[in-house]
Amino acid sequence: MKIAVLPGDGIGTEIVAEAIRVLDTLDLSFEMETALVGGAAYEAHGHPLPEATLKLAKESDAVLFGAVGDWKYDKLERSLRPEQAILGLRKNLGLFANFRPAICYEQLVGASSLKPELIAGLDILIIRELTGDIYFGAPRGRRTAVDGHFPGAEEAFDTMRYSRPEVERIAHVAFQAARKRSKRVTSVDKANVLETFQFWKDVVTEVGKEYPDVELDHMYVDNAAMQLVKAPKKFDVVVTGNMFGDILSDEAAMLTGSIGMLPSASLNASNQGLYEPSHGSAPDIAGQGIANPLATILSAAMMLRFSLNQPEAADRIESAVKSVLARGLRTADIWSAGTTKVGTREMGDAVVAAITKKTITG
Ligand code: NAD
């Protein structure tokens, strides 16, 4: 088994270092190779996703990714910006299914902006389709006024489209994931207004007939956004398109209090995957040693479960994280009165110690 390690920019290097230490503790036999990506790769090689990095990712079973980006690259032409590396990896590895679990850890109930009774015990999974929708549909562009009075563009347009195979494969992923959970899928659409999403709804319904043991319901995206803050526990697996999934998965992430806690996985048809925290490179706190590494450590656990077939090792990491939280250790983003504030490295130390069952002194 081979893991491509792509720490990236900002806090990416700090949090990935802790995930690597946790993986090393497990004593599993896999090879890890590190490469540059994002702004760091642009500085060294003039491109955010150099050929060598892409080659390493392609020949690995999984990619452990930190984060990319910094405001200083905002003026670069779009194709050279750090975030293009993520789009390039998704495209080249065929990653079409994005898994974003939103789990509220008992010890962090107070960190949410919602009332504790609404989120205690929350465990939902948002599955976002990654390769279609308005983000990739052609034609797209801008049109300039014909009479020449207006030098700038007069209108801009993007095309929303989904093909049957794209909807079918993400629907299968959602139903299969639901089978391992409480057997409920909510498909989110905007079928009342958009033809693309009436089609989405029809195809998901057809696929659902192959899973009679899984309950399927449909919800409009505006209602789903409302229900996520009104009664989030009514959901189990939520499946939706690229744009709605982008927005709803961030909304669901914040239900649990901190984006520093949330892992994610993007998988292709052969379970090769890219695993990364849901947050970005946080340039505002980079280099200070205060970033929360738990989202990345939990992403490594997802990697072990989904791509490397090591579910027991994944369980060990997840239990270690719970026990560290139960001991009251918190990075600044999840700190509250009565708990102990720790930095990135100390949080990593604590997870490593919990796995090896050693106690930390001091
Ligand atoms: P961000 O997620 O980096 O940060 C948002 C806020 O959350 C900041 O205040 C940050 O300090 C805090 N935060 C994020 N992760 C944290 C952690 N692990 N521990 C503690 N606090 C944490 O989003 P942003 O500020 O909008 O974007 C910063 C850069 O990251 C931009 O260049 C953006 O394009 C990029 N970005 C990259 C990815 C990715 O690599 N997948 C995703 C989103 C944004």
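In which loop does P139 lie? In this predicted model, P139 sits in the loop between β5 (123–129) and β6 (141–144). The peptide bond joining A138 to P139 is cis, with omega at about 0°. Most peptide bonds are trans.

Two further loops hold residues with a marked backbone geometry. D27 has a positive phi of about 60°, although D27 is not a glycine. Its place is the loop between α1 (12–25) and β2 (31–34). D27 counts as exposed because its relative accessibility is 70%, and the threshold for that class is over 50%. N271 belongs to the loop between β11 (263–267) and β12 (273–277). With a relative accessible area of 41%, N271 is partly exposed. For residues other than glycine, a negative phi is found in most cases.

The ligand is surrounded by 20 residues. The closest are V68, E83, G280, A282 and D284. By class, the shell divides into nine nonpolar, six polar and five charged residues. An oxygen atom of the ligand lies 2.7 Å from a polar backbone atom of G280. G280 is also listed among the closest residues of the shell. A ligand oxygen is 2.8 Å from an N or O atom in the side chain of D284, another of the closest residues. The side chain of H279 places an N or O atom 3.1 Å from a nitrogen atom of the ligand. Taken alone, the ligand exposes 800 Å². The protein buries 70% of that area.

Helix α7 spans residues 195–208 and contains 14 residues. From first C-alpha to last, α7 reaches 20 Å. This is close to the 20 Å expected at 1.5 Å a residue. Its buried residues are T196, F197, W200, V203, V204, V207 and G208. These residues lie on the same side of α7 because they cover an arc of only 140° around the axis. Buried here means under 20% relative accessible area.

Methods:
Residues numbered from 1 in each chain as written. Predicted model: local features only at pLDDT ≥ 70, side-chain atom pairs only at ≥ 80, totals over all residues. Heavy atoms only, no water. Near = heavy atom within 4 Å. Polar contact = N/O pair within 3.5 Å; in protein donor to acceptor, adjacent residues only side chain to side chain. Areas by Shrake-Rupley, 256 points an atom, 1.4 Å probe, with all protein chains shown as cover. Nonpolar A, V, L, I, M, F, W, Y, C, P; charged D, E, K, R; others polar. Helix = DSSP H or I, 4+ residues; strand = E, 2+ residues; numbered from the N terminus. Expected span 1.5 Å × (residues − 1). Buried < 20%, exposed > 50% of the residue type's maximum accessible area, 1.4 Å probe, protein only. Arc of directions from axis to C-beta.
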